[in-house]
Amino acid sequence: MSKLTKNQKVALAKIEAGKSYTLSEAAEKVKEITYTKFDSSVDIDVRLGVDPRKANQMVRGVVTLPHGTGKQVKVLVLCSADAETAATAAGADYVGLDEYIEKIKGGWTDIDVIITQPAIMPKIGALGRVLGPRGLMPNPKSGTVTNDVAKAVEEVKKGKIDFKVDKNGIVHSSIGKVSFDAAKIRENAREFISTLIKLKPATAKGTYIKSIYLSSTMSPGVKVDTKSIDD
């Protein structure tokens, strides 16, 4: 186990052992215990009472955070020529088709989101080996395969993110930056959690939201009282 740094020790000392904080308190605490010199991301981890191995208990969805993620998202739109102007006007960082497919085949993945049209998907299928492991493969469920590519770009730029429960039953996502005030962090977290609750599978039994933690880059996790979501 790696040795704790001085700042990590100070951060841990500010978290009361065994305590579950309200969502408002946790948002404040994450800001308090972050000592990075850069603007750290604020992350949320939610453990769900589901079995991801069962198709009918897979939790996946999209959410538009009210205050965005604070991150400059680089968007590539792979589309037909007649949609390029609209995609560019909507704020896409890269727009095109064949030239970008070739770049990706060569290993280029300096992007955060890829948006495309249904008719283009057959061309992108061959890129699965490169895009899949990086979570960049467009998917209709996340709104990244659509004929209205301009609208999709606008939504992503405004703070729309997609998420999926992992094999351990945990949903992880970045929901802002430490530079956000605590109220914005809380509201983004609340929107994320509320969306998860709406997606509860009918087959999931027992406690659905098992635990919630907020943290920032390199900070310890702050446990959130699951009953305080609406505080």
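Where is the place of Met218? Select it: Met218 sits in the loop between β8 (209-216) and β9 (222-224). Strands here are DSSP runs of E, at least two residues, and helices are runs of H or I, at least four residues, numbered from the N terminus.

Before moving on, note that this is a predicted model: local features need pLDDT of at least 70, side-chain atom pairs count only at pLDDT 80 or more, and totals for chains, interfaces and linings use all residues. Residues are numbered from 1 along each chain as its sequence is written, and side-chain values use heavy atoms, with hydrogens and water left out.

**Stop 1: Met218.** Check the backbone. Met218 has a positive phi of about 75°, although it is not a glycine. Most residues other than glycine have a negative phi. Met218 counts as exposed because its relative accessible area is 62% (exposed is over 50%, buried under 20%, partly exposed in between, with a 1.4 Å probe and protein chains only).

**Stop 2: the second largest pocket.** Met218 is one of the residues that line this pocket. The volume is about 160 Å³. A pocket is an open set of points on a 1 Å grid over the protein atoms alone, where a 1.4 Å probe fits, with protein on both sides within 12 Å along at least five of seven lines; lining residues have an atom within 4 Å of a point. Volume is the space filled by probe spheres set on the points, which are joined across faces, edges and corners. Colour the lining by class: five nonpolar, seven polar and no charged.

**Stop 3: the largest pocket.** The space is about 890 Å³. Now show β5 (113-116), β6 (160-164) and β7 (170-177); each supplies at least two residues of the lining. By class, the lining has 10 nonpolar, 11 polar and nine charged residues.

**Stop 4: Asp43.** Go to strand β1 (residues 41-48), where Asp43 is found. Is Asp43 buried or exposed? Asp43 is buried, yet has no salt bridge (a side-chain nitrogen of Lys or Arg within 4 Å of a carboxyl oxygen of Asp or Glu). The nearest side chain of opposite charge, Lys177, is 8.4 Å away. Show Ser174 as well: a polar contact of 2.7 Å joins its side chain to that of Asp43 (a pair of N or O atoms within 3.5 Å, one able to donate a hydrogen and the other to accept it).

How values were computed: Ala, Val, Leu, Ile, Met, Phe, Trp, Tyr, Cys and Pro count as nonpolar, Asp, Glu, Lys and Arg as charged, and the others, Gly among them, as polar. Lys and Arg count as positive and Asp and Glu as negative; His and the chain ends are not counted.
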